[in-house]
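Visitor: I am new to this structure and would like to be walked through it with care. Could you show it to me before I ask anything?

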Amino acid sequence: MIDEKNQAKIEHAVREILSAVGEDPDRPGLVETPARVARMYAEVFATKTAAPFDNYKLFKVEHPTEMVLLKDIPFYSMCEHHLLPFFGTVQVAYVPQHEQVIGLSKIPRLIDYCSQQPNVQERLTVSIATELQRILDPAGIAVSITARHMCMEMRGVSKPGVHTESSYYSGQFKTDLDLKREFLQRIAK
Ligand SMILES: Nc1nc2c(ncn2[C@@H]2O[C@H](COP(=O)(O)OP(=O)(O)OP(=O)(O)O)[C@@H](O)[C@H]2O)c(=O)[nH]1
Ligand SMILES: [Zn+2]
């Protein structure tokens, strides 16, 4: 969580931006905006000041299934080049080992944790896999992200509707091409 001192810094910076773009930061519609933006940034950039993601539960399952796949998990993040949102869906699969699985809700929570910092899509893709590896140590991980980037849609190159896909594979998803194919077939549906 961004502390009060740093929220005050954000408020000050937002006031400066508002006057630099020709606005009066004291007009009624804007007077609360710097504090609101500071609270908003505390939400969307929570990770850098938070403890490592450790809010997870592991369960023992004898003879677990081959692949656990969570499809179409929504995410929102901020691009580190323009501080504009990029957002979309994540597909995450893992192959259990040590007869161990993770509480299902912890995977979307992990994605939120990884999303709440300035990012590029490729790093977000890898960091989800890295964190899941650290927590669960599965035999393989596949992460695929499809996203739209506001910095490419509402400004600059101005191409609305472009979907950027990125993926990362580790362990059995790298060595077993049938498994990788199965993942790709399942997320295509
Ligand atoms: N690889 C990658 N690039 C990104 C991501 N988000 C934004 N970008 C790109 O980062 C680049 C930054 O390029 P710069 O030339 O420094 O910035 P710019 O002048 O604002 O570039 P334009 O967006 O082309 O107007 C742009 O090409 C963006 O499209 C991302 O998640 N991954
Ligand atoms: Zn950008």
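**A guided look**

Guide: Five strands make up an open sheet of mixed pairing, in the order S5-S2-S3-S6-S7, where strands (E, at least two residues) and helices (H or I, at least four) are DSSP runs numbered from the N terminus, and two strands pair if DSSP finds at least two bridges between them. This is a predicted model, in which local features need pLDDT of at least 70 and side-chain atom pairs count only at 80 or more, while totals for chains, interfaces and linings use all residues. Residues are numbered from 1 along each chain as its sequence is written, and chains are lettered from A and ligands numbered from 1 in the order in which they are written.

Visitor: How do the residues of the shell around ligand 1 divide?

Guide: The residues around ligand 1 (C-beta atom, placed from the backbone, within 6 Å of it) include Cys79, His81, Glu122 and Cys151. The elements giving two or more residues to this shell are H4 and H5 (150-153). By class, the shell divides into six nonpolar (Ala, Val, Leu, Ile, Met, Phe, Trp, Tyr, Cys and Pro), four polar and one charged (Asp, Glu, Lys and Arg count as charged, the others, Gly among them, as polar).
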